[in-house]
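Trainee: I would like to go through the labels used for this model. Can we set each one against its definition?

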Amino acid sequence: MDTTSKQSVFSRYRKIIFAVILFMVADSVVIGINFYNTYKADESAVSINLSGRQRMLSQRMTKVLLLTQRSLEANDEAGVVRNLEELDLTVRLFDTTLKGFREGDTVTGGDGNPTFLVQVDTDESRQIVKDAYAIWTPYLELLRPLLGNNRNFSPHALEAAVGYAQANNLKVLKLMNDLTTDLEVVANRRASTLRIVLVIGIVVAFVNFSYTVVISIRDLMAGDRKLSEARQETREILSTVHEGLFLLNKSKKLGTQFSESLPILLLRDIEPGMDFMPILEEMVSKDMYESAVDYIELLLGERVKESLVTSLNPLIDVPVSMIDKFGNTQNRFLSFFFNRVVVDGTVSHVLVTVQDTTEKVLLAQQVEEAKNKAKVEVEALLRLASSDFGSLRQFIDNTGQSLSQINEKLSQSSESSRDRLHTLNYIMRLVHGIKGEAAVLGIDAIEGYSHACEQEMIGMRENCSQDGLSGEQVLRIAVLLEGFYERYSTLANIVSRLGEALGTSAPNVPDEVRARHTGQAHPFVTHITNLAQRIASDHGKKVEVSCEVEKLFSLPQRIVQELQSVSIQLVRNALSHGIETPDERISRKKPATGALCLWCKYLGNGQYDFTVRDDGRGILPERLRAHLVKSGRLSMTEASAMSDEEIARLIFQPGVSSAAAADRDAGHGIGLDAVMEKVKGINGHMQVRSRPDTFTEFHIQFSTTG
Amino acid sequence: MSNLNESDIQSFIDAVSSFFFQVTQEKVGIRAAYLVEGGIPATTFDLTSYITLSGAFTGRVYFSAPRVMVAHLLLTMQEPDRGDERLLDAVGEIANTISGNARKHFGETMQISVPVTQATEHDWLNSVVSPRSYVILVKWKQYRASVVVDIQHTD
C-alpha cells in the first residue's frame, strides 16, 4: 500500500480512530482514578481500623491500671505481673499508632502484621492527634515507671498513673472517637468521589460508545451508499457501453464483471470465470490464435513494456467466424484491445476491450475497392501507352476464361468434402495462374487481389474441418469471385473502349508477329525477363535471364499459352527460393548474380523439351522433409522411410512448398500443383533434376503430333 | 452487382435458414454459391417469391423452390391444405422472413416491397436477373432451392 492509499485509509476512518482513542484515554483516566481511590480506600480502611483500635487501647490501659492496682492491694503477685505485661503491650501499641497517625509510620496492624499507617491529612484529624498528644505525653511519662515489666515500681507511681487515667480516660476516648469519625468522613468522601468518577467514567464511555457507533454506522452507511452508487454506475457503464469489456486474470479466465455487449459481440453465453482462450480459439484461425496466445502471455508477464508490444497485437480487425443461436455462421471483424491492470507494481489483470469493427473494415474495403478500380484503369492505360496491347488482350481473354471456369466449378454443387476440397484446389490453381499473368504484365491491382484471394483460400484450406469447406466458405469464394469480376470488367471495358478508339493507329497485329518483323525480342521474353528482375529486386537478389525459346512461338497457341503460364510459375519459384542472395552465393563460391535459363528444344518426331533452369540452392530434401513433418502432412516415421526422390516428388502436391517462408511470389504450395495440371493439359510430362547448392531444372516434354 | 459483402448476402440466407429452423427444427445448408455469369444460369424452380428493395441498395431477392419441397414443408408444419394457393403462400412467407431480416440488416431506411409470389417456368429467373447476381443453392432434406440476390448499391 503506498503513502497515498495509507492517507486515504486514515482520512476515511479518521472519526472512528479519534473516537476509539478518546474511548481509550477516558477509560485509562477512569481506571487510574479508580486505582488511586482504591489504594486510598485501603489506606483509609487501615486508618479507621487502627483509630478504632486506639479507642479500645485507651480503655484497656485504664482497665489494666485499675486491675494492677487491685492485684497489688490483694497481694496477687501473678496478677500484677500479668497486668504489667498487658499494660506494656497496650501502651506500646497506642504510642506507636498515635505516632503513625501524626507522622506516618509502619505499625502493628490489626492482624499482628506490620502495616503502614499514613499520616492524617485533614486539619481536623491533625488537631485531634495534636490534642491527643497533649494528653498522652504526660500520661506516657506517668506510665513509664510501670513499663518494661518493671515489678519494682512504686505504688505511688501506680497511683499517679491511675489518677491521671481516670481523669483523662474519657477525653482520650472522645479524641479517638473523633479521629475515627473524621477518618470515616474522609473515607466516605473518597467513596463518593469514586462513585462520581465511576458515574462520569460510565457516562463518558457510554457517550463515547454511542458516538463511535453513530459515526461507524454513518460511515458504513455512507460507504454502502458510495459502494451502491459505484456499483450502479459500473452496472450502467457495463450495460450501456457498446464494447465488450472484461478482465482477464493470469490464468486467462474472465473476471466476474463484464459488459452486456460482450455476449452479443461474441455470440455466446458468457459466464464469470470462463476460460478465454478456448472462446478465442473457436473464433479465429489457428495461426491467429497462436499469435494471440503469445501476445497475451507477453502482456501478462512483467518483462516487456506494454507500450513496446501494443503494436504486436494480432487481434485488430480480425475476421471471426461464430455460430449464432439458430446455428448460422456469422462472419464479422472484431478488434480485441488489451491493457495491463497494474496493482502494487505488478500486473494483476489484463483489461480486454472488444469492438465490432465490421462496418469500419467493410468501409475500408469499399474504399480499397474504389482505389483498385481506379488503379486498374490507370494500369490499363499505362499498358496501352506501352503498346503492349496484344498481351493485355490475351490476359483479358485468359482471365475471363479462368473466371468462368471458377464460376462453373462453384455452380457444380457437391456434398462431398473431398470434392469441395478438390474444388478449392482447382480454384486456387486458376487464381494462381491469373496472379502470375498479372505479375508478368505488371497489373498490380489484379495481382494484388489474386494474392489476397489466394491467402484467404490458403487459410480456408488450412482451417477447414473434416467436412471440407463450409457453405459459408463457398459463399465467401463466390464473393471473392465477384470482386475478381469487378476488377476484370473494369479492365476489359477500358481496354475495349480504348482499343476501339485507337483502332486505326493500332492494327490488330499479334505482338509476336510484330516483334518478329521488327527484330525486337518476343514480348513474352521481355515480360518474363522483367518479371524475373522485379522478383529478384523484391528479394534483394541479382539474376541474369537468358531465353532461347524461339521454337516455342511456332507451336500451337494453346500450348504456347500453357507453357507461358508454366514459365511464369517456375520463374517465380526459381527467384523466390532457388537463387540465393548475393552474399549467400558468394559464401558458396558462386557468382553474385544468379543465372536463370529458359529454352525450348526440338527433339525430333514432333517431340519438344521446354526447360527452366536456375543455378540456385536446388531442392533440399532434408528441408522439405522437415517442412512436411512440421506441417503434419507426414509423420516422422513416414518421412524417414521415404527416399529423397520420393520426398522431392511431393512438391507437386497441393499445399506443399519447399520455401522456408511464404510471400507474394511463392511458398504457398499452389504453383507446382498448377504447373503439373497445365503440363497434363498439353499431354506432357515433367522431370525435375536438381543438385543441392548447384541447380534445379524443370524439363517439360511434350508432343505436337497428338 | 457490387459492394455487397457476404454478410449482406448471408442475412438473406440466415432468414431462410431461420424460417426452416423455426418451423421444422432442421437447418438449411448452403450447397453452392456462384454468379450468374459466363452462361451459367440462375436456377429456377417451380415456385418463386421475391421482394424488391430500394434505398441504399436497389434490386430484388428471390427465393425459388420446387413444388415438392414446399409441399413437404407444409406436411412438416401439419398443414392439411397443400393446394397451389397454399404452396405459393408458403414461399411468400419465406420471402416475408427475408424481408424482415433485410430490414433488420440494412436498417429501417431501406424500402422493401411486400412479397410477390408466382409459379415459375424453367429459366424464368435467368430472364429477369442482372448479370453477376449471386445464386445460392440451399439444401433442406433432400431438396434444393435457390436464393438469388440481384441487388446493386445505389450510387
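Trainee: Why is B:Phe12 called buried?
Mentor: Count the neighbours. B:Phe12 has 26 other C-beta atoms within 10 Å. Buried means 20 or more, exposed 12 or fewer, partly exposed in between, with C-beta atoms placed from the backbone. So B:Phe12 is buried. Note that this is a predicted model: local features need pLDDT of at least 70, side-chain atom pairs 80 or more, while totals for chains, interfaces and linings use all residues. Residues are numbered from 1 along each chain as written, chains are lettered from A and ligands numbered from 1 in written order.

Trainee: Where is B:Phe12 placed, and in which helix?
Mentor: In α1 of chain B, residues 6-24. Helices are DSSP runs of H or I, at least four residues; strands are runs of E, at least two; numbering starts at the N terminus.

Trainee: Which residues is B:Phe12 in contact with, leaving aside neighbours within four places in sequence?
Mentor: Among them are B:Val61, B:Ile98 and B:Val149. Contact means C-beta atoms, placed from the backbone, within 7 Å.

Trainee: What makes β3(A) and β4(A) a pair?
Mentor: Pairing takes at least two DSSP bridges. Strands β3 (244-248) and β4 (254-258) of chain A have two, in the antiparallel sense. A:Phe246 has A:Phe258 as its bridge partner.

Trainee: How many residues of chain A are in contact with chain B?
Mentor: 24 residues of chain A, with 27 of chain B. The largest share of chain A's side, eleven residues, comes from α14(A).

How values were computed. Contact = placed C-beta atoms within 7 Å.
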